Amino acid sequence: MPAIPPRTPVRKRSRRSGHEEAARTACDWLQSFIIHRIEGVCAVRRTEEGWCVGIDVLEVPRIPDTTSLLATYEVELDGSGGPAEYRRVCRYHRGTANR
């Protein structure tokens, strides 16, 4: 009778998908470097090396909040899911049209 091969362990799938995990990792990592408040993730795309996550950041809040200076940062994650680099790609004003 042939020997039964050892059972390979079943890899458990996480509840988060790859792009959600990449977004969470990128936000946590970027927040450790900047003092500004993260507003949210605007884009997640797969690259050859890993992931690229676009994150909107509130850089200068105004009081009263008629205008605010926002920026979009891109965070590159390598193939293992670890952060590789980040850069600010644009800045823009958000505010109310009517005063």
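**Notes on side-chain contacts**

1. Tyr86 has a relative accessibility of 34%, so this tyrosine counts as partly exposed. Please keep in mind, here and below, that the model is predicted.

2. The structure holds 4 aromatic pairs. In one of them, the ring centres of Trp29 and Tyr86 lie 5.7 Å apart with the planes at 80°, and because an angle over 60 degrees counts as edge-to-face, that is how this pair is classed.

3. On to the charged side chains, where the whole structure gives 7 salt bridges. One of these joins Glu59 and Arg88, at 3.1 Å from N to O. This bridge, too, links distant parts of the chain, since Glu59 sits in strand S2 (residues 51-60) and Arg88 in strand S4, 29 residues away. Glu59 is buried, at 6% relative accessibility, whereas Arg88 is partly exposed at 43%.

4. Glu59 has another partner worth a look. Arg91 forms a salt bridge with Glu59, and the closest N and O atoms are 2.6 Å apart. Arg91 lies in strand S4 and Glu59 in strand S2, so this pair ties together parts that are 32 residues apart in sequence. Arg91 is partly exposed, with a relative accessible area of 45%.

5. Arg37 pairs with Glu39, with 2.7 Å between the closest N and O atoms; Glu39 is partly exposed at 34% relative accessibility.

6. What about the cysteines: how many disulfides does the count come to? The count is 0. For Cys52, the closest cysteine sulfur is that of Cys42, 9.3 Å away, which is too far for a bond because a disulfide needs the two sulfurs within 2.5 Å. Cys90 is likewise in no disulfide, and its nearest cysteine sulfur, also that of Cys42, is 7.8 Å away.

7. Cys90, with a relative accessible area of 35%, is partly exposed.

Key:
Residues numbered from 1 in each chain as written. Predicted model: local features only at pLDDT ≥ 70, side-chain atom pairs only at ≥ 80, totals over all residues. Heavy atoms only, no water. Buried < 20%, exposed > 50% of the residue type's maximum accessible area, 1.4 Å probe, protein only. Phe/Tyr/Trp six-rings, centres within 6.5 Å; stacked < 30°, edge-to-face > 60°. Salt bridge = Lys/Arg side-chain N within 4 Å of Asp/Glu carboxyl O. Helix = DSSP H or I, 4+ residues; strand = E, 2+ residues; numbered from the N terminus.
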